[in-house]
Amino acid sequence: MSDCLFCKIIAGEIPSAKVYEDESILAFRDIAPQAATHILVVPKAHIPSVDGVTAENSAIVAHIFEVIPAIAAAEKLTGGYRVVSNCGADAGQTVPHLHFHILGGQTLNPQMA
Ligand code: AMP
Ligand code: ZN
């Protein structure tokens, strides 16, 4: 997707503060952190949102969730953390490329919505 912000970050056309990368996923720090630690984990393949997850591409989601605990450990989120994916307008999704927020490093607001 040539006009997708996160595809441009993945391609290196827009800089990011990378915390993890392998052949299929990238994790980088959110530019406007909403917690002491705020990291985004994205598939390198363009999937618009959770709504775009299918039997054909769901292995990448499983891989992301295998890597998230390693990122949390590397970031020393020993007290716990929250994983969030906003899907669509009602959830406030602003970047239409599937991403999982990792939020932690502090006590988080117990209110989810
Ligand atoms: P969402 O609102 O769930 O779609 O999340 C999009 C996130 O991307 C927001 O938390 C933004 O702060 C973040 N964001 C937007 N532009 C950038 C960027 N250039 N680098 C890192 N994070 C970004
Ligand atoms: Zn994209």
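Helices here are DSSP runs of H or I with at least four residues, strands are runs of E with at least two, and both are numbered from the N terminus. With that in hand, hello everyone: our chain has two helices and five strands. Reading from the N terminus, the order is α-β-β-β-α-β-β.

A quick word on ground rules. This is a predicted model, in which local features need pLDDT of at least 70 and side-chain atom pairs count only at pLDDT 80 or more, while totals for chains, interfaces and linings use all residues. Residues are numbered from 1 along each chain as its sequence is written, chains are lettered from A and ligands numbered from 1 in the order in which they are written, and side-chain values use heavy atoms, with hydrogens and water left out.

Let's start with the overall form. The C-alpha atoms fill a box of roughly 35 × 30 × 25 Å along the principal axes. The radius of gyration, taken over C-alpha atoms, is compared with a globule rule of 2.2 Å times the number of residues to the power 0.38. For 113 residues that rule puts a compact globule near 13 Å, and the chain, at 14 Å, agrees.

Next, burial. I call a residue buried under 20% relative accessible area, exposed over 50%, and partly exposed in between, using a 1.4 Å probe and protein chains only. Contact means heavy atoms within 4.5 Å. Among contacts between residues at least 6 apart in sequence, 56% join residues at least 24 apart.

Now for the charges. How many salt bridges does a search of the whole structure find? It finds three, where a salt bridge is a side-chain nitrogen of Lys or Arg within 4 Å of a carboxyl oxygen of Asp or Glu.

Take E21 to begin with. Its side chain meets that of K18 in a salt bridge, at 3.2 Å from N to O. E21 also pairs with K44, and there the closest N and O atoms are 2.8 Å apart. This second pair links distant parts of the chain, 23 residues apart: E21 sits in strand β1 (residues 18-21), and K44 in the loop between β3 (37-43) and α2 (58-74). As for accessibility, K18 is partly exposed at 48%, E21 is partly exposed at 38%, and K44 is partly exposed at 24%.

The remaining bridge joins the side chains of R29 and E75, with N and O 2.9 Å apart. R29 belongs to strand β2 (residues 25-29) and E75 to the loop between α2 and β4, so the pair ties together parts 46 residues apart in sequence. R29 is partly exposed, with 37% relative accessible area. Back to the shared partners: K18, E21 and K44 are joined into one network.

Beyond its neighbours within four places in sequence, G104 is in contact with A35, A36, T37, L77, G80 and Y81. D51, by comparison, is 53 residues from G104 in sequence and 25 Å away in space, C-alpha to C-alpha.

And A91? You'll find A91 in the loop between β4 (81-84) and β5 (100-104). A91 counts as partly exposed, at 35% relative accessibility. Its C-alpha atom is 9.0 Å from that of A113, 22 residues away along the chain.
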